[in-house]
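Subject: Structure handover

Hello,

Here is the structure for you to look over. My notes follow below it.

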Amino acid sequence: MTSSGPKIILILGAGPNIGAALAKAFSAKGYQVASASRTPPKNNDGAALHIPVDLTKPDTVPGVFERVRKELGGEVGVVVYNAAMFKPDPADPLSLFAPESIQTYHDSQSVNATSALVSLHEAVKSFRNLAASNDASKTFIFTGNMLNLKTLKGMLNFGLGKTSTAYAIRYLVENKIYAAEGVSTYTSIPFFFFFFFFFFLFSFSSLGSLSILSEAALNKRSQTDHSYAPDKRFYYADERNADGLPVGNAVSGPAAAEEYLKLAEQEEQGPWLYTFVKGEGYKDFETHGRL
Ligand SMILES: NC(=O)c1ccc[n+]([C@@H]2O[C@H](COP(=O)([O-])OP(=O)(O)OC[C@H]3O[C@@H](n4cnc5c(N)ncnc54)[C@H](OP(=O)(O)O)[C@@H]3O)[C@@H](O)[C@H]2O)c1
C-alpha cells in the first residue's frame, strides 16, 4: 500500500550533537522527526517522537520503523544512521576475537554495521511504500568517518564496522541496484523522447539503419547516465578538515545538518562517499587513497 502522508525523517543514534542539529534543521523544513537511541533527549530538539532502541540488537530495528509508521501515520522518506560504538582495541588487536572478548566485537559490529544494514533494508521497504506523489526524498545517509579508507592504530574493530557499511552503500550506488525502480521523469523524459524519435525514424528507413539508430539512442542513454536520478539515494557521509584529515571530536552537528539536508533535497544521486568540509560542502579527497 502506498503512503502520501507527512514528510518524515528517522534518525537512528540521535544524540545531542548531529541528531539534535538534524532534528532542528529538518523540522524547520516541515519534516516530522522521529529519533531513536537508548536515552530520551533532555531538551525538545524538534523531534515529534522518540523511540527507545538498543542498536546492539539489530533484530529490534524493524520495530522502530513500525512505530514510526503507526505513530506518525506515514513512511519515512529520509533515514540517517548516526549511531556508533567505539572502544579502543586491546594491545593485541586479534585478542578481540578470543572467546572471552568476542562479544565486544559482536556488539561493535551490531552498532556500526548490522543495525545499519537492517536499517537500509527497512528504509528501502518504506521508500517503496511512499506514493509517487509524495515529494519527500527517499534518502539514506550513514554517518561515517575515514576508517573505510585508512587504517588507524587502535581502531581495527571500529574500522571493520564502518567499512562493512561503506561497502554496502558503495555496492548499491555503483551497481545501480534500485535504479530501475521509480525512475524519475527528470531523466526518463529525454530517454523516451529519444526512443520514440528513433522508432519513428526507423519506420521510414531500412533495416540496416536500425542498428545504427538504436545504438545512437542507447549511446545517448549512457551519456546522460551522470544525470540519472534514481528515486532512492544512499550516502556514506564523512566530515573532514579542509586538509582532508579526520575532524575527530570536532565533528559538527550544524555542518552535518546543512549537508544532510542538501542531500535529502537534491534529485540526483551524488557521490556515495560524501566527504565534506564545514562551511564548504562536498570536497573530493580521493587523493587520500582508499582501501
Ligand atoms: N568524520 C569523523 O571524523 C567523525 C568524527 C567523530 C564522529 N563521527 C561519527 O559521528 C557519529 C556520532 O556523532 P555525534 O556527535 O552525533 O555523537 P552523539 O551526539 O554521541 O550521538 C550518537 C548517539 O548514538 C547513540 N547510540 C550509541 N550507541 C547506541 C546504541 N547501542 N543503541 C542506540 N543508540 C546508540 C547514542 O545515544 P544513547 O547513548 O542514548 O543510545 C548517542 O547519543 C558517529 O557515527 C561517529 O562515528 C565522525
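Where is Lys176 found? The model is predicted, and in it Lys176 sits in the loop between helix 4 (156-174) and helix 5 (185-203). Its backbone deserves a look. Phi of Lys176 is near 45°, a positive value in a residue other than glycine. Lys176 counts as exposed, because it has 12 C-beta neighbours inside 10 Å and the cut-off for exposed is 12 or fewer.

Next, a helix pair. Helix 1 (residues 18-28) packs against helix 7 (residues 253-265) at an angle of about 45°. Their axes are 8 Å apart. The angle therefore makes helix 1 oblique to helix 7. The crossing of helix 1 past helix 7 is right-handed.

Who makes the contact? From helix 1 come Ile18, Ala20, Ala21, Leu22, Lys24, Ala25 and Phe26. Helix 7 supplies Gly253, Pro254, Ala256, Ala257, Tyr260 and Leu261. By type, the residues of this contact between helix 1 and helix 7 split into 11 nonpolar, 1 polar and 1 charged.

Is Ala257 buried or exposed? It has 21 C-beta neighbours inside 10 Å, so Ala257 counts as buried; the threshold is 20 or more. Leaving out residues up to four places away in sequence, Ala257 touches Ala21, Leu22, Lys24 and Ala25. Ala257 and Ile18 are 239 residues apart in sequence. In space, their C-alpha atoms are 7.0 Å apart.

Best wishes

Note on methods. Residues are numbered from 1 along each chain as its sequence is written. This is a predicted model: local features need pLDDT of at least 70, side-chain atom pairs count only at pLDDT 80 or more; totals for chains, interfaces and linings use all residues. Axes are lines fitted to C-alpha atoms, for helices over the stretch in contact, and angles run from 0 to 180 degrees between N-to-C directions. Helices (H or I, at least four residues) and strands (E, at least two) are DSSP runs, numbered from the N terminus. Angles under 35 degrees count as roughly parallel, over 145 as roughly antiparallel, 65 to 115 as roughly perpendicular and the rest as oblique. A crossing is left-handed if the near helix is turned anticlockwise from the far one by less than a right angle, and right-handed if clockwise. Two residues are in contact if their C-beta atoms, placed from the backbone, lie within 7 Å. Ala, Val, Leu, Ile, Met, Phe, Trp, Tyr, Cys and Pro count as nonpolar, Asp, Glu, Lys and Arg as charged, and the others, Gly among them, as polar.
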